[in-house]
Structures are given as C-alpha cells and as structure tokens.
Amino acid sequence: MSLVVASQLEPAINEELARHPSRPKIIAVPEDEPWRAAREADVLVVRPTPVWREARGEEQPDLWPGRLRWVCSASVGIDFYPPWLLDAPIVSCARGTASEEIADYVIAAIYRQAKDLAEAAVTSPTQWRYRALGQVNGSTVGIVGFGAIGRAVARRATALGARVLAVRRSREAALGVIGVELRDHVADVVRDADHIVVAVPATPETRHLFDDALFARAKPGAHLINVARGSVVDQEALVRALDSGRLAFATLDVTEPEPLPEGHVLYTHANVRLTPHISSNYTLARGKLVAKIMGDLTRFAAGQKPSDIVLPERGY
Ligand SMILES: NC(=O)c1ccc[n+]([C@@H]2O[C@H](COP(=O)([O-])OP(=O)(O)OC[C@H]3O[C@@H](n4cnc5c(N)ncnc54)[C@H](OP(=O)(O)O)[C@@H]3O)[C@@H](O)[C@H]2O)c1
C-alpha cells in the first residue's frame, strides 16, 4: 500500500513528491491545525508556519502522533515547533540543504567588513587618496557550532587563507575539514576571532549564549555574524557590546522576534547590517530540499530511516 504523505509544502513541490517512484498519496494539511493530519497520514512534511509557533504553549493534542510514523521538517531548526512534535516516532530535519548558500552569505559579510569597496569607491579626483583596507587572509574566523553550516563556512575560510577556530557540542566525530583548530569552549573561540560566526541550534543550552560576559571576552573590534537563531544572542547585550566598541560590527540574518518591532534599535544601528532571514536563499536551496525529501522517501518506503534524525534529548 502506498504511503500517505501530508505536506505543508507548496503545491509545485507536492506534485514532485507525488511523482516519487513509490507513488505516495499526497494529501492536504489543515492550515489552522496541521497536526490533525496525524489521523490519516504516515508521513507529515512540516514547515515553520506561525500556527506551529502559536501551538508551542498548548497541550499535546490527543490525536498526536496518531498514525504518523515520520515527521519531516523542511527547516533545520525545530525550535519553531511545539515540543510535543518530537513525540512522533521519527522527526527528521533539512540539515545541509541550505548550508552552502548560508556559508556564501557569511563570506560576503566577512568581505564586506574587511574590504568595503562600495565605501572605498571614489567619484572624483579630490577623493583620490590612500585608504587602508582590512584583510581576509590572515584573519581569524571563529565558528560557534560546527555542523553543516559551520563546516561549509570553514571550507571557504580555510581556502581564503584565514585561520579557522571552531567549537561544537560533542567532540566524538571527525572534524571533516582540514586545517580547523577545534576548541573546547565557546569563549576560547570568541576570544581570538576577528569574525565570530554563530551556527548553533536554538536549544535551552544556547539561549542567550552570547551575553555580556561572552561579549566581554571578544577581541576588541570583532565582527559578529549570526545566521543561526536570534535567541542565541542577548540582543540588549549585543547593543551594549557594539556601543562600547567591544564589537565593531554585527551582521544579523536572524533576530528575536522576527520581524523585530517597528523602531527597534537594530534596524538603524550604524554598526549593524540586518537581513530578513534570507541567508538560506530558498530560491536556490529549494531544489536541494526536494532532492533530500525524495531520497528520504526512497529510504523510508524501503523500510529504512530517513537522514538527519532529530534527537529529542539534544533538541537538534
Ligand atoms: N538563517 C537561516 O535561514 C538558517 C538556515 C538553516 C539553519 N539555521 C539555523 O542554524 C543552525 C545550525 O544549522 P546546521 O545545519 O549547521 O545544524 P547542525 O548540522 O545540526 O549543526 C549544529 C552544530 O551546533 C553544535 N552545537 C549544538 N549545541 C551546541 C552548544 N551548546 N555549544 C556549541 N556547539 C553546539 C553542534 O555540535 P555537535 O557537532 O557536537 O552536534 C553542531 O556542530 C540550525 O539549528 C538553525 O537553527 C538557520
């Protein structure tokens, strides 16, 4: 019997999923209560719509996880979902589908900080004078969180001649990128980095990981780049670190909340560049997401586990 897949993804992707060789039956998900799909679906493909966030404070519905055998998240972070989502037999995430795009964004931010050609450009002979530029080769890039995004950043940064420091939660697995110095503590990375890249998941452990105490350890003039989640950074502490000059600049693709309310200081701070959670560049990452789900459907239909299973005890 073919799998019943309830999908919150766009119709064009659902049509592609329906063409999977296992010929799954794709059904719609109730927009207001997507968890109700648990009654009739084997697989639920979710994306972080506001209704999931609103359900975070609510009790687990009686019908959950119902018939579901697999919840497939189209995002890497599962922090948008209510904790009871993880009571499904298997929850997988989209790890790796946008990490190359996000790493490109990080490198763009590093070059913008080191070599601001727009700022250096001249429009008349009177402006023709020497101006010092910063460096990328010879700089130190510190990566906090060494998963799919952290490793993609490290591959690029080492190739550009930067020294790369990294920290991760565990130390069990091989590093996977040659030339990276793995440190034991976040502060050991932050202390020596010119560019600090935040690439950890939002978990209770990482909430406000970047606080006054950690910013006080940063190298004066450091550049913070957050492509992970707004909650990892205490935004008030960030503003204090920028105002005191401890940090020279912050490039933020994520904030808490999103969007920030009208008039929030991070919109207009002279030393902040804020982008609206676009570093994953969905237009390009979409194809990789579809390919990943198709591959996982093949595995699942053959009785195997999908890739990148979320571990409830870790929260990612
Ligand atoms: N801006 C965006 O559009 C966007 C897109 C995708 C993802 N994200 C966010 O970025 C996060 C990272 O993505 P990813 O694909 O790189 O995830 P990932 O492959 O799961 O990597 C997460 C990394 O963080 C490390 N980590 C977890 N808790 C830590 C802690 N307390 N201290 C230090 N390191 C810790 C993990 O350590 P181990 O290696 O030991 O497990 C792992 O190396 C996601 O969880 C998501 O929230 C944002």
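Eight aromatic pairs are present in the structure, which is a predicted model. Ring pairs join Trp35, Trp52, Trp64, Tyr81 and Trp84 into a cluster.

**Aromatic pairs**

- The ring centres of Trp64 and Trp84 lie 5.3 Å apart with their planes at 65 degrees, and the pair is therefore edge-to-face, since planes over 60 degrees apart fall in that class.
- This pair links distant parts of the chain, 20 residues apart, with Trp64 in the loop between α2 (50-54) and β4 (70-73) and Trp84 in the loop between β4 and β5 (91-92).
- Trp64 has a relative accessible area of 4% and is buried, and Trp84, at 7% relative accessibility, also counts as buried.
- Trp70 and Phe300 form a tilted aromatic pair, with 5.0 Å from centre to centre and 45 degrees between the planes.
- Because Trp70 belongs to strand β4 and Phe300 to helix α10, their pair ties together parts that are 230 residues apart in sequence, and both residues are buried.

**Packing of α1 against α10**

- The crossing in which α1 passes α10 is right-handed.
- On the α1 side the contact is made by Ala12, Ile13, Glu16 and Leu17, and on the α10 side by Tyr282, Arg286, Val290, Ile293, Met294 and Leu297.
- Of the residues in this contact between α1 and α10, eight are nonpolar, two are charged and none is polar.

Key: Residues numbered from 1 in each chain as written. Predicted model: local features only at pLDDT ≥ 70, side-chain atom pairs only at ≥ 80, totals over all residues. Heavy atoms only, no water. Left-handed = near helix turned anticlockwise from the far one by under 90°. Helix = DSSP H or I, 4+ residues; strand = E, 2+ residues; numbered from the N terminus. Contact = heavy atoms within 4.5 Å. Nonpolar A, V, L, I, M, F, W, Y, C, P; charged D, E, K, R; others polar. Phe/Tyr/Trp six-rings, centres within 6.5 Å; stacked < 30°, edge-to-face > 60°. Buried < 20%, exposed > 50% of the residue type's maximum accessible area, 1.4 Å probe, protein only.
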